[in-house]
Amino acid sequence: MAQSTNGHHHAADLGGRRALVTGAASGIGLAVARHLGALGARVVLSDLEGPRLEAAAAGVPGALAIGADLSDRAAVHRLADEVGEVDILVNNAGLQHVSPIEEFDEARWDLIVGVMLTAPFVLTKRLLPGMYARGWGRVVNIASVHGLIASPYKAAYVSAKHGLLGFTKTLALEAGAHGGGVSAHAICPSYVRTPLVEGQVAAQATAHGIPESEVVDKVLLTQNAVRRLIEPEEVARAVEFLCSDLGWTMTGGVLAMDAGWLAH
């Protein structure tokens, strides 16, 4: 994503590349899928089967939709079989559950860890050999600021995101031994304007007894230096950079898009 003299960046050219984006029916995943498609990539969007996924794929020229429940290990393997080979894997699918540890439902723990840590491992395991064979690939894991720090009552989410960072670093070390054409990355945004976050607004308003209009500033973004939600398209632009020719220099790295949260 080079800078030109007139201040505009040169978009990465992903023509001929094939990408798989999980959790692509909405939010960050949909923004990433649209952006990669606009850069010339042939995109496969995956999410739970249904009209939302079909509508999302219909909005990305030349895209393919493949429904899959990533909490089901066999379904993850079927997704890898159906996708075949990809050059770019964006592990984005996620969900949240808020509960004290002593009350945390174990099935919900398994679901969150399965979708957010085990599925990225399985998809990477299956799609990595093709990247090695072609000498180029990007695995981009959409983690979270909660991959770097913790918040109470989010034990499964925080644990899965921390694990995803460890997996990213391990992958980078292994991939580096194959010549450097395949790289691994983690992006750690703070709160992004997604349906997942917007769903929390109503619940937080009720819990704190304040209007929904005050939740973002007074509850969600209290740790941010800049009290503004990140837009999904801004995360998509970060994915673009990591898929560019310069991306390999950041392999194993964590790109914190935390609006100053971690500056405390």
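Begin by selecting Asn-141 and Asn-91, whose side chains make a polar contact at 2.9 Å; a polar contact here is a pair of N or O atoms within 3.5 Å, where within protein one must be able to donate a hydrogen and the other to accept it, and where residues adjacent in sequence count only if both atoms are side-chain atoms. The model is a predicted one, in which local features need pLDDT of at least 70 and side-chain atom pairs count only at pLDDT 80 or more, whereas totals for chains, interfaces and linings use all residues. Residues are numbered from 1 along each chain as its sequence is written, and side-chain values use heavy atoms, with hydrogens and water left out.

Stay with Asn-141, which lies in strand S5; helices (H or I, at least four residues) and strands (E, at least two) are DSSP runs, numbered from the N terminus. At 0% relative accessibility, Asn-141 counts as buried, given that buried means under 20% relative accessible area, exposed over 50% and partly exposed in between, for a 1.4 Å probe and protein chains only. If neighbours within four places in sequence are left aside, the residues in contact with Asn-141 include Pro-120, Leu-164, Phe-167 and His-185, contact being heavy atoms within 4.5 Å.

Next, select helix H8, residues 232-243, whose twelve residues reach 17 Å from the first C-alpha to the last, close to the 16 Å expected at 1.5 Å a residue; the expected span is 1.5 Å times one less than the number of residues. Among the buried residues of H8 are Pro-232, Val-235, Glu-240 and Cys-243, and the buried residues of this helix pack against helix H1 (27-38), strand S4 (88-91), S5, strand S6 (182-189) and S7.

Now show helix H6 (residues 195-208) together with helix H7 (residues 212-220), which pack at an angle of about 90° with their axes 9 Å apart. Axes are lines fitted to C-alpha atoms, for helices over the stretch in contact, and angles run from 0 to 180 degrees between N-to-C directions. H6 and H7 are therefore roughly perpendicular to each other, the term used for 65 to 115 degrees, while angles under 35 count as roughly parallel, over 145 as roughly antiparallel and the rest as oblique. On the H6 side the contact is made by residues including Val-197, Val-201 and His-208, and on the H7 side by residues including Glu-212, Val-215 and Leu-220. Within H6, Val-197, Gln-200, Val-201 and Ala-205 are buried, and just after this helix Gly-209 takes a positive phi of about 65°.

Which residues other than glycine take a positive phi, near 75° and near 55°? The value near 75° belongs to Tyr-153, in the loop between strand S5 (137-142) and helix H5 (155-176), and the value near 55° to Ala-259, in the segment after strand S7 (254-257). Most residues other than glycine have a negative phi.

Ala-225 counts as exposed at 61% relative accessibility, whereas Ala-259 is partly exposed, with a relative accessible area of 23%.
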